[in-house]
Structures are given as C-alpha cells and as structure tokens.
Amino acid sequence: MDVLKTLDFISYIVGGALAAAWGALSFWRARREKDGSLLFYLLCGFYACIFMSDIYYLLAWTVEDYPFLLSPGDLSWVGALAFLITIALDLTDGWTPEQRKAAERYRLPALAAPAVCIAFNIAYISIYPDIIFNYLLYAVPTVILSYFALWLFLAEYKGGALPGRQPYHLAVLVWIVVQLFYDLFSTLGHSQRRAFISLRKRGWTHDLSGKYLRVPGHTAHHRSLPAERRNPPLYSLFHAGPARLSAFGLYKQLHCGGCFR
Amino acid sequence: MKALPIFFFVAEHRHGRDSIVAASLAVGLGFATFENCFYIMEYGSSDFLFALTRGFTAGVVHASCAAILGYGLALTCRRRRLAVPCAFALLCATSTFHAIYNLLVAAEDAWRAVGYIMPVITAVAVMIGMTNAKLKIKD
C-alpha cells in the first residue's frame, strides 16, 4: 500500500472513529434530556451520516480497490447537511413573533454566505467537470445551510432578545468554510479534466455511477488503474480531516450554547 | 420506494410514535418478503443455505432501516417544517446503511460474513433502544 493510500486510510479511520464517538455521546445526551432531546437526536443523525460515509469509502477502497465517483458515501454526506438544516429549523421554531420580527432584518446580510459558497462551488466544478452532478447534490444543501447558519448567528448576536446560541452557529459556519477551503486549495494545480482525458487515451472510462471500467477492445498498456486516479495528488492527504475535526465541536457548542438552560 | 407508504401513513394519519414505528417495521418486512420471493423465483433455491441466509439478513436490513426511518419521522411528524428535511436526511442515512450491507455481501469470504452479521447487530441495538424507551415511558 503506498504512502498516500495509507494516509487516506488513517484519515478515514480516525475521522470515522471520532464521528462514532461523538454520535454516541449525542445519543446518550438525547436519552437523558426530557425537553430538547430532538436536537441531540438530530445531531446524532449528523454524526452517524459522517461515520457511515467514512465507513463506505474505507470499505470501497478495501473491498473494491477504489471508490466510485458518485457513491452512497456522498449521499450520506448530503444527509449530514440535511440533519444540520433540520437542527437550524428546529432552533427557530421556539421564537416568539417579536423575536422573529427582530431576526428578519438580518436575512439580507445573511445572503453573503450563500454567495461565497456558490463562488467556491463554481471554482471547484471548473476543476472537476466530470463530477458536476455529484457536486451539485452536495453544493445545494451547503448553500442553504450556510445561509441559515449566518442568518441565525447575526440575528442572535445582534438581536439581543434572541436566545444565545451563537457559538453553535459559528461552529457550523467554520465547518462549512473549512470544507470549502480545504476542497478547493487541496485540488489547485490538479486538473481532473486533464487526468480524465489521459485516462480515456489509456483505455479507461466510467459508467453513470462513476465506477471506472475498461473500454472494451482497447489495448491497454496499463493493467491497473493509473495512479493519478487512485491517488490524486494532495487530495489524499488527510482527506477532509480538518473539516471532520471541526465538526466535532458542534456537540460542545450545542450543549454550551445556552439551548437547554 | 419502500419509504413512500411510510410517508403516506405519517402524512395522512395522526398516530402515536409506536404506531408509526410498527407500521414502518411492517412495510420493511413486507418489502423484504417480496424481494426474497422475487429472487427465489428468478434464481431458484438450489443453494438453500445461501437463500436462507440472504432471506434472513435482507429482511433484518430492510426492517431495521424502515424502523429507523419511522422512528425519526415519528419525532418530527407533528412539525411539518422539520419533517421534510428530516425525512430526506433519514433516507440518505438508511440508503447508505443499505449500501454498506450490499457492498459487504457482494464481497468475498470474511467481508461477506461481516455483511451478514452487521444487520443483526443493528437490529439488536434497535430492539434494545425501543425496549428501553418503553420502560422509560412506563416509569
């Protein structure tokens, strides 16, 4: 096993173990709570999705030798985002009409977050044009979640009368930003388009699910999948590790953010 | 597809949490039964042990996924604003769980055995959780 794949494995194993631990803690907390247990169940669902995404990628690398372009692991990651959106909606449910009115003025400034997300996503899709459907499935909930996180952070920070859960919303924003920056800067200089054209010349293609296949009848000089597709440079290094680590602060922030006084 | 009856049940009827989970379990088991009948009709039952193992574990997987989906919907069904994103999130989670099972049972040797054991462990955990919840309500 080469160095980059080993680092990938370590990253997924550590990330998955941490997600499992924080998910178990959230579940235990949800069982203890009388009111507000729904929030911790949702947070447990978020960590469970990240854990299953890591497990799927690990198993795909181990059992099948390479992960697919669009896989259920990515669907689980989208599910994690959906759980965070549900948490954001739940946190606004308890507002009084006066609090809701006070928060409305921060909706427009909160649009800055989706604007930044969309800009990053456009840049990333230009680097990876062959996984545009994969990325759109991930980008839409990220944009929605970033809007909610920034809106709620601004409203509670400036609103005064609103409950103070700013640390939680800030943690969500940090998680999104780390993801975006990491995904973009780890792939700068690596052109998926060039790699894909190179693969086609050497007799590889992929089906609709993204699984790499041999082109029938092509006289291939390479028996196995070329290295640049197994381990894209830099991307393998601590795959989304910083993003996963920053996610684990969400439990702490939700607990300490004044939700359940 | 098998989540649609659960969504319909939750949307159209005002039931308690236990009823929603029971209905979800029933849908999951029913789908598993239908799938097993379909596989036996198409591939035959010459390898009886494989058919028995696959039938049991697939049933457990479908029932577990449906129970988890139903429990999550039961927590949010009374608040429609939460129900939609929560339902989508639960669908993604249970789909990934099912995909992990499919990946493992399609593999060789030890991985296949892990794939057969995984849903059993999950089902036991779900049953313990549901039993504890009922004991808590009684207390």
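Helices (H or I, at least four residues) and strands (E, at least two) are DSSP runs, numbered from the N terminus. In chain A of this predicted model, the secondary structure comes to twelve helices and two strands, which follow one another along the sequence in the pattern α-α-α-α-α-α-α-α-α-β-β-α-α-α. Residues are numbered from 1 along each chain as its sequence is written, while chains are lettered from A and ligands numbered from 1 in the order in which they are written. Because the model is predicted, local features need pLDDT of at least 70 and side-chain atom pairs count only at pLDDT 80 or more, whereas totals for chains, interfaces and linings use all residues.

**Chain A as a whole**

- Among the contacts in chain A with a separation of 6 or more, 76% join residues 24 or more positions apart, where a contact requires that the C-beta atoms of two residues, placed from the backbone, lie within 7 Å.

**The nonpolar core**

- A nonpolar core is a set of buried Ala, Val, Leu, Ile, Met, Phe, Trp, Tyr and Cys residues joined through C-beta atoms within 7 Å, and in the largest one, which has 93 residues, Cys49(A), Leu84(A) and Ala149(A) touch the most other members.
- The largest share of this core, 20 residues, comes from helix α2 (residues 37-64) of chain A.
- Leaving aside residues up to four places away in sequence, Ala149(A) touches Ala88(A), Ala113(A), His169(A), Val172(A), Leu173(A) and Ile176(A).

**Cys117(A)**

- Cys117(A) lies in helix α6 (residues 112-127) of chain A, and it counts as buried because it has 22 C-beta neighbours inside 10 Å.
- Not counting residues up to four places away in sequence, Cys117(A) touches Thr142(A), Val143(A), Ser146(A) and Leu180(A).
- Cys117(A) and Gly79(A) are 38 residues apart in sequence, and their C-alpha atoms are 18 Å apart in space.

**Where chain A meets chain B**

- The contact takes 25 residues from chain A and 19 residues from chain B.
- On the side of chain B that touches chain A, the largest share, 15 residues, comes from helix α4 (residues 80-105) of chain B.
- That side of chain B divides into 15 nonpolar, two polar and two charged residues; here Ala, Val, Leu, Ile, Met, Phe, Trp, Tyr, Cys and Pro count as nonpolar, Asp, Glu, Lys and Arg as charged, and the others, Gly among them, as polar.

**Helices that pack against α4(B)**

- Helix α3 (residues 72-93) of chain A and α4(B) pack at an angle of about 155°, with their axes 8 Å apart; axes are lines fitted to C-alpha atoms, for helices over the stretch in contact, and angles run from 0 to 180 degrees between N-to-C directions.
- By class, the contact of α3(A) with α4(B) has 15 nonpolar, six polar and two charged residues.
- Within chain B, the axes of helix α3 (residues 48-76) and α4(B) come within 9 Å and cross at roughly 165°, which makes α3(B) roughly antiparallel to α4(B).
- The contact of α3(B) with α4(B) has twelve nonpolar, four polar and no charged residues.

Key: Buried ≥ 20, exposed ≤ 12 C-beta atoms within 10 Å, placed from the backbone. Parallel < 35°, antiparallel > 145°, perpendicular 65-115°, else oblique.
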